Each structure stands twice: as structure tokens, then as C-alpha cells.
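Have a look at it first, then read on.

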Amino acid sequence: MDTPFLIPIFGIVFSFVTPMIIVLIVFLNKTKQEKYRNEVLKAAIEQGRELPPDFFKTPQKPKENLLRTATFFLAFGLGLGLFFYFFFADQGQGLIFVFIGIGQLIAYHIEKKHKKSGEQEGI
């Protein structure tokens, strides 16, 4: 049996199936966590125990550090650009990440100035 025709089929199928599997795993994990939380709440009610107030709060995501992500994208873009330049003699690869990093660096400096002006005004 000649199998070269299977390679494009698997490539197309897996490129659509893989994201669906990832979304399914995230959804199932979130559902499992919520189910566990409800079981704990149910058990506490049945036993007449009080839960701490923190139990009902949803965990907050930490605020993203713009300077850190800007530095990451700059370094990643430069590294990718140098890699493609030296190994494939192709310029321009990785520039999108460099520009993302530059944009985030600019946003960091604008946010920093905005915070300083807010502190001076007493906000």
C-alpha cells in the first residue's frame, strides 16, 4: 500500500482536531474544578460548618507585567530573526515579534508616566 497520500490527510485532520482537543481539555478541567468546589460547599452545608469568605471569591489573575513581556518579545523576535538569517539566509523573519515587543515597551512607558501623573494629582 502506498502511504504518501495519507500525509496530507493526517496533516489537515490533525490541524483541525488538535485545537478542538485543547479546548475540550480546558473545558473539562474547568468543569471538574467547579464540580469539586460545589461538593465542598455541599459538604460544608450538610455539616453546618462555615466556610471562609475567601472560598466564594474567584481567584484574580495577576496583572501582566508589560516590561517583562516586552523584553520577552524583543528577545524572542531578535533570536528568531538571527536564527533565520544565519541558517536560512532569510531576513525579516521574527520582525513581528520585535515590533510586538517595541509596542509593549512603549505601552509600559506610557503606563508608567500615567501612574506618576496620577500619584502627583493625588488620585
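The largest pocket holds about 230 Å³ of space. This is a predicted model, where local features need pLDDT of at least 70 and side-chain atom pairs count only at 80 or more, while totals for chains, interfaces and linings use all residues. Residues are numbered from 1 along each chain as its sequence is written, and side-chain values use heavy atoms, with hydrogens and water left out.

So who lines that largest pocket? Which residues are they? They are Lys30, Gln33, Glu34, Arg37, Thr58 and Pro59. (A pocket is an open set of points on a 1 Å grid over the protein atoms alone, where a 1.4 Å probe fits, with protein on both sides within 12 Å along at least five of seven lines; lining residues have an atom within 4 Å of a point.)

Next, the structure has 1 salt bridge, meaning a side-chain nitrogen of Lys or Arg within 4 Å of a carboxyl oxygen of Asp or Glu. Lys115 pairs with Glu111, their closest N and O atoms being 3.7 Å apart. Side chains of opposite charge can pair when their charged atoms come close.

Here is how accessible some residues are (buried is under 20% relative accessible area, exposed over 50%, partly exposed in between, with a 1.4 Å probe and protein chains only):

| Residue | Relative accessibility | Class |
|---|---|---|
| Pro52 | 47% | partly exposed |
| Tyr85 | 41% | partly exposed |
| Lys115 | 45% | partly exposed |
| Glu111 | 29% | partly exposed |

Finally, Pro52 and Ile106 sit 54 residues apart in sequence and 42 Å apart in space, C-alpha to C-alpha.

Notes. Grid points are joined across faces, edges and corners, and a volume is the space filled by probe spheres set on the points.
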